Amino acid sequence: MTYTIPVELTTNPRPRLDYHKQAFGTVFTDHMFILDYDAPQGWHDARIVPYQTIELDPAAKVFHYGQTVFEGLKAYLTDDERILMFRPNKNIERLNLSNHRLSIPALDEELVLEALKKLVLVDRDWIPSEPGTSLYIRPFVIATEPVLGVAPSLQYKFMIILSVVGSYYEEGINPVSIYVEPKYVRAVTGGVGNAKTAGNYAAGLKAQDEASAKGYSQVLWLDGVHRKYIEEVGSMNVFFKLGDTVVTPALNGSILDGVTRNSVIQLLQHWNIPVEERALSIDEIVEAHRSGLLAEAFGTGTAAVISPMGSLEWQDEKLVIGGGVTGELSKRVYDAITGIQRGIAEDPFGWAVELDLK
Ligand SMILES: *Cc1c(COP(=O)(O)O)cnc(C)c1O
């Protein structure tokens, strides 16, 4: 099936400046994609229009009951001027899993892929070319029906916006300090922790604030039932290298199924490095640190790709990991994934999706 998505070009294109030097998520391109939903018609009226504000009724359900989901992926410009996206189908699949959990009607996955590609092509001269830069793609759905009443909305908007982003690592990869959160929890199994939905992030702000005030850059969440098993960090999944084995928390329903996480697991298997998805307690990490087994730890997510953890603060003890410097495996995984994204490394799984520029 092919879709024709009408495009209304802006009459007022903005100048192309060094936007990638500005803070993450602050600079948006000239166009956006919109698709509407209402009960009799279903999803309809796909279109690309000039980037603009939208008007919503104050009673729109998204404002009151948080019925909304989002995604995040990137497009990259290669040195030979090709445009690549990294595993966009995984994000689109996950978008529908999040929709399902939030009782939002499913989107046509082929239409979403077509919309992603077409919008990126319309704004292709916004993709920065400097090393490490990219175009961040933010698809999202909001419930727009203007009715106060806790029931799934009968109206929605699906939109895609694009933001110019710089290199996460201007000064090279530097390990971050992590606060293992003893008081607050992010999500519990059976809740919405495995959906990319707004409430999870609102729920985490207070802990993040308090950890920042103490000088830590991120919070590591423990499970909400036992307050013992490691979940994830901010908007990243986590991996620990214990001796020769890499361990990451299993998908238990309360953490997100990250595309980067999945890619790291497949790469490790491809390299014959033992990798385990299982429950991993903070006590096991403390024990591994004491016995000298905790070699490396890193977070994985679209924004940073790999973010090494230099230390963990837990119950007034600071566990320094790998001497506080970026480990060999963290670097190897980072180079492999960013190499595929930039079209300069072997892509054994066919993860890079090239846009047709014709
Ligand atoms: C988006 C996100 C991740 C990382 O997912 P990627 O697909 O790798 O970007 C991990 N945890 C949470 C809570 C997230 O929101």
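**Cavity and ligand site**

Guide: In this predicted model, E4 is the element that gives the most to the lining of the largest cavity, with three residues.

Visitor: Which other elements supply at least two residues of that lining?
Guide: Helix H5 (259-270) and helix H7 (328-341) do, alongside strand E4 (73-77).

Visitor: How many residues line the largest cavity, and which lie nearest its centre?
Guide: There are 13 lining residues, and Tyr76, Phe86, Thr260, Thr302 and Gln341 lie nearest the centre. By class, the lining has six nonpolar, six polar and one charged residues.

Visitor: How much space lies in there?
Guide: About 100 Å³. A search of the whole structure finds one cavity of 30 Å³ or more.

Visitor: Switching to the ligand. Where does it sit?
Guide: The ligand sits in the largest pocket. Around the ligand are 15 residues, of which Lys196, Tyr201, Glu232, Thr260 and Thr302 come nearest.

Visitor: What about Arg94 and Glu232, which ligand atoms do their polar side-chain atoms lie by?
Guide: For Arg94, a polar side-chain atom lies 2.8 Å from an oxygen atom of the ligand. For Glu232, a polar side-chain atom is 2.6 Å from a ligand nitrogen atom.

Visitor: And Val259, backbone or side chain?
Guide: Backbone: an N or O atom of Val259 lies 2.8 Å from an oxygen atom of the ligand.

Visitor: How much of the ligand is buried by the protein?
Guide: The protein buries 98% of the 380 Å² that the ligand exposes when taken alone.

Definitions and conventions
Residues are numbered from 1 along each chain as its sequence is written. This is a predicted model: local features need pLDDT of at least 70, side-chain atom pairs count only at pLDDT 80 or more; totals for chains, interfaces and linings use all residues. Side-chain values use heavy atoms; hydrogens and water are left out. A residue is near a molecule or strand if one of its heavy atoms lies within 4 Å of it. A polar contact is a pair of N or O atoms within 3.5 Å; within protein, one must be able to donate a hydrogen and the other to accept it, and residues adjacent in sequence count only if both atoms are side-chain atoms. Accessible areas come from the Shrake-Rupley method with a 1.4 Å probe; for residues, only the protein chains shown count as cover. On a 1 Å grid over the protein atoms alone, a cavity is a set of points where a 1.4 Å probe fits but cannot get out, and a pocket is an open set with protein on both sides within 12 Å along at least five of seven lines; lining residues have an atom within 4 Å of a point. A molecule sits in a cavity or pocket if more than half of its atoms lie within 2 Å of its grid points. Grid points are joined across faces, edges and corners, and a volume is the space filled by probe spheres set on the points. Helices (H or I, at least four residues) and strands (E, at least two) are DSSP runs, numbered from the N terminus. Ala, Val, Leu, Ile, Met, Phe, Trp, Tyr, Cys and Pro count as nonpolar, Asp, Glu, Lys and Arg as charged, and the others, Gly among them, as polar.
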